[in-house]
Amino acid sequence: AANFEELNKLFEKGNKQRHVGATRMNAGSSRSHSIFSILIESKDLNTGQKSLGKLTLVDLAGSERADKTGATGDRLHEATSINTSLSALGDVISALCRNDKFIPYRNNKLTQVMQDSLGGNAKTLMFVNISPAEYNASETMSSLEYASRVKQIKNTATKTQEGEEVARLNDIIKRLRAGEEVTEDEIMKID
């Protein structure tokens, strides 16, 4: 996307494909997680240096207790999948907080997709929606405890930059992959 309007259209298109359904706890319950990633590239016009970044917005479907939601059939299967992925994410968060050598990213599709948003060169923030109803107190406490563990993740986020020469060569590669012709002089040009 080249501008906000194009980006917003993509976001809306993805959001329309999100699966929602009714349960006893929520008439419009999210039955899937939503992940929206934005790759950002900027260029310093004075130095030619490029900075690269990625912003990943993740809306997790809430964990569910079948007895409270009244889930059966497809809804129960969805709830099981949601809870399994949230459990796998909890395992990854725990491993990151303990600074384990092995982080179990491959245990679930959700954690595989979120890997570069959780560990290494990432800054991770979590916003939690909670219910003020006393009936949902246990879910609220569970969500707050989950979020407090995310707060303990310690990464060193650094700016990703590439020099002008690397940017020029990456541009040539992109053009070649698109089937464009590139002259030997263009390839051999070194500033």
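User: How do you know that the length of helix H6 agrees with its 14 residues?

Analyst: Happy to start there. This is a predicted model, in which local features need pLDDT of at least 70 and side-chain atom pairs count only at pLDDT 80 or more, while totals for chains, interfaces and linings use all residues. Residues are numbered from 1 along each chain as its sequence is written, and side-chain values use heavy atoms, without hydrogens and water. Helices (H or I, at least four residues) and strands (E, at least two) are DSSP runs, numbered from the N terminus. The expected span of a helix is 1.5 Å times one less than its number of residues. For H6, residues 164-177, that gives 20 Å, and the end C-alpha atoms are 20 Å apart, so the two agree. Helix H5 (residues 137-151) passes the check as well: its 15 residues reach 21 Å from the first C-alpha to the last, close to the expected 21 Å.

User: Why is Arg-168 called buried?

Analyst: Its relative accessible area is 16%, which is why Arg-168 counts as buried. Contact means heavy atoms within 4.5 Å. Leaving out residues up to four places away in sequence, Arg-168 touches Glu-186, Ile-187 and Lys-189.

User: Why is Asn-99 called exposed?

Analyst: Asn-99 has 62% relative accessibility, so it counts as exposed. Asn-99 lies in the loop between helix H3 (73-97) and helix H4 (109-118).

User: What is the phi of Asn-99?

Analyst: Positive, about 60°, although Asn-99 is not a glycine. Most residues other than glycine have a negative phi. Just after H6, Gly-179 also takes a positive phi, of about 90°.

User: How do you know that the buried residues of H4 line one face?

Analyst: Those residues are Leu-110, Thr-111, Met-114, Ser-117 and Leu-118. Seen down the axis of H4, they fall within an arc of 100°, so they line one face of the helix. What covers them includes strand S3 (34-43), strand S4 (50-59) and H3.

User: How do H3 and H4 cross, right-handed or left-handed?

Analyst: H3 passes H4 in a right-handed crossing. A crossing is left-handed if the near helix is turned anticlockwise from the far one by less than a right angle, and right-handed if clockwise. The axes of H3 and H4 come within 10 Å and cross at roughly 35°; axes are lines fitted to C-alpha atoms, for helices over the stretch in contact, with angles running from 0 to 180 degrees between N-to-C directions. Where they meet, Ser-85, Ala-88, Leu-89, Val-92 and Leu-96 in H3 face Leu-110, Thr-111, Met-114 and Leu-118 in H4.

User: What is the handedness of the crossing of H3 and H5?

Analyst: That crossing is left-handed. The contact is made by Leu-86, Leu-89, Gly-90, Ile-93, Ser-94 and Cys-97 of H3 and Tyr-146, Arg-149 and Val-150 of H5. The axes come within 9 Å and cross at roughly 40°.

User: What makes up the largest nonpolar core?

Analyst: A nonpolar core is a set of buried Ala, Val, Leu, Ile, Met, Phe, Trp, Tyr and Cys residues joined through side-chain atoms within 4.5 Å. The largest has 16 residues, and those with the most contacts inside it are Leu-89, Val-92, Ile-93, Leu-96, Ile-103, Tyr-105 and Leu-118. H3, H4 and H5 each supply at least two residues of this core, and the largest share, 7 residues, comes from H3. Beyond its neighbours within four places in sequence, Val-92 is in contact with Ile-103, Pro-104, Tyr-105, Thr-111 and Leu-118.

How values were computed. Buried < 20%, exposed > 50% of the residue type's maximum accessible area, 1.4 Å probe, protein only. Arc of directions from axis to C-beta.
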